[in-house]
Amino acid sequence: MPRIALRPENAQQAQLLRLLRDHGPRSRAELGEAIRLSRSKLAHEIDRLTELEFVESGGFAASRGGRRSSIVRLSRDLRFVGVDIGATSVDVAVTNGELEVLGHSNAEIGVHNGPPTVLDTALDLLSKLRAEGVATDIHGAGVGIPGPVSFREGVPVAPPIMPGWDQYPVRETMSQALGVPVQVDNDVNLMALGELHAGVARSVDDFLLVKIGTGIGCGIVVGGELHRGVSGSAGDIGHIQIDENGPPCACGNRGCLEAYASGTALARDAMAAARAGRSPRLAELLEDSGALSAADVTDAVSVGDPAAVQLLRESGHRVGQVLASLVSFFNPGLVVVAGGVAGAGHSLLAEMRSAVYRRSLPLATGNLPIVLSELAAAAGVVGGARLISDQVLSVPRGIDER
């Protein structure tokens, strides 16, 4: 079991811990100014957090004209785990208390293999990281999955591309296996938290993160907090219908955004283009491997294949159409684009920007950056660590937070 206490004892301690997590080591003077505690009260709370092994001394700060203030930092032994389960792979990372990634590993495995196999793979990856000395104890894990999640229950709910996962007790299973608190959320929400903590959205309170991969989803951050909606399904933009007579979608409806612009849809349309003789490069790749993926479309775009370029532009345009409505409705300060298909880069981004800037109101787009994620594959695992640290570094329910 972890040596570090699982939760702070009061709101002041929680404030101190989150401040140290988000901004790194600080002097006692800086901490006192930030949360407006008297010197004696601050000393008491820091001493108590030291006893609980949440924090430790980090030496002395530079003199501010009097006695030098001591530096306080989160314990060097504090460890969080982020698990990002995608449609075709699993990423696992271990972070320190400040959510800096200390070790990161991944494996190719399809989510269709089912919960026991996929979760065992994640646990194996974590065991290997721990064996390498990255972590002795861990103090919590955040898990992201590529489908709708009941955040309160910690279970997937009718996920379209995850057979066998409906109502599976992911949180309970992982918590029992690890012996620590676990939180489970949609993978896009984790990516948004990752960007909020350490990515391009670090200084933005209101933004959207759009993930374009095997599926399409949107993480919504309002006032610096993740917005999940009443049941946890906020941001499921992949199933916004574009055309009721469009192609079938994995959710059972027709003409959804995912059916037009996801990685799965790109692969389908690439196969059609290759077989029809419209794309020499895609036809070559199809002959080599017997199937095509969204990555093959990106490959063909990189060599200037006209059909592949057109496919990518159409995908970006479709996403941009939906995003334009979201921008007009939500008025974000930033849009971050992430996911495997986003790896196609600026061809996709240019079409999205064009659709948004053309269709949304000038007041909403006048100062709206639409940018690619800088964290890439790390966004989900950093977000997982952020998710569970939000719980571990907060006051348990029922304790007076005044």
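This is a predicted model: local features need pLDDT of at least 70, side-chain atom pairs count only at pLDDT 80 or more; totals for chains, interfaces and linings use all residues.
Which residue in β10 stands opposite Ile145? Asn186 does.

Strand β7 covers residues 141–145, and its pairing with β10 is parallel, over five bridges. On β7 there is also a link to strand β4, residues 80–85. Those two strands run parallel and are joined by four bridges. Within that pairing, Asp84 has Gly144 of β7 as its bridge partner.

These strands belong to an open sheet of five. The order is β6-β5-β4-β7-β10, and the pairing is mixed. The edges are held by β6 and β10. Each has a single partner strand, so one side of each lacks a neighbour in the sheet. From one strand to the next, the twist averages 15°.

Is β10 largely enclosed or left open by the rest of the structure? It is largely enclosed, because five of its five residues, 182–186, are buried.

Helix α5, residues 170–178, touches β7 and β10. Its direction makes about 145° with that of β10. Helix α6, residues 187–198, lies across β4, β7 and β10. The angle of α6 to β10 is about 105°.

**The three-stranded sheet**

Another open sheet has three strands, in the order β1-β3-β2. Here the pairing is antiparallel. At the edges stand β1 (26–27) and β2 (55–60). Each has a single partner strand, so one side of each is left without a neighbour in the sheet. Two bridges pair β1 with strand β3, residues 70–74. Across that pairing, Ser27 stands opposite Ile71 of β3.

| Pair | Sense | Bridges | Facing residues |
|---|---|---|---|
| β7 and β10 | parallel | five | Ile145 and Asn186 |
| β4 and β7 | parallel | four | Asp84 and Gly144 |
| β1 and β3 | antiparallel | two | Ser27 and Ile71 |

**Glu98 in its loop**

Glu98 sits in the loop between β5 (89–95) and β6 (101–108). Is this residue buried or exposed? Glu98 is buried: its relative accessible area is 15%, and the cut-off for buried is under 20%. Leaving aside residues up to four places away in sequence, Glu98 touches Leu20, Arg21, Gly24, Pro25, Arg73, Leu74 and His197. Of these, Arg73 and Leu74 fall within β3, residues 70–74. Ala364 lies 266 residues from Glu98 in sequence, and the two C-alpha atoms are 34 Å apart.

**Helix packing and the cores**

Helix α8 (residues 263–275) packs with helix α11 (residues 306–330) at an angle of about 150°. Their axes are 10 Å apart. The crossing is right-handed. From α8, the residues in contact are Leu266, Asp269 and Ala270; from α11 they are Leu311, Leu312 and Ser315. By class, this contact has four nonpolar, one polar and one charged residues.

The largest nonpolar core has 44 residues. Which residues have the most contacts inside it? They are Ile212, Leu282 and Leu323. Helix α11 gives the most to this core, with ten residues. Leu323 touches Leu208, Val210, Val335, Met352 and Val356, again leaving out residues up to four places away in sequence. A second, separate core has 31 residues, including Val92, Ile109, Leu119 and Met162.

Note on methods. Residues are numbered from 1 along each chain as its sequence is written. Side-chain values use heavy atoms; hydrogens and water are left out. Axes are lines fitted to C-alpha atoms, for helices over the stretch in contact, and angles run from 0 to 180 degrees between N-to-C directions. A crossing is left-handed if the near helix is turned anticlockwise from the far one by less than a right angle, and right-handed if clockwise. Contact means heavy atoms within 4.5 Å. Ala, Val, Leu, Ile, Met, Phe, Trp, Tyr, Cys and Pro count as nonpolar, Asp, Glu, Lys and Arg as charged, and the others, Gly among them, as polar. Buried means under 20% relative accessible area, exposed over 50%, partly exposed in between (1.4 Å probe, protein chains only). Two strands pair if DSSP finds at least two bridges between them. A nonpolar core is a set of buried Ala, Val, Leu, Ile, Met, Phe, Trp, Tyr and Cys residues joined through side-chain atoms within 4.5 Å.
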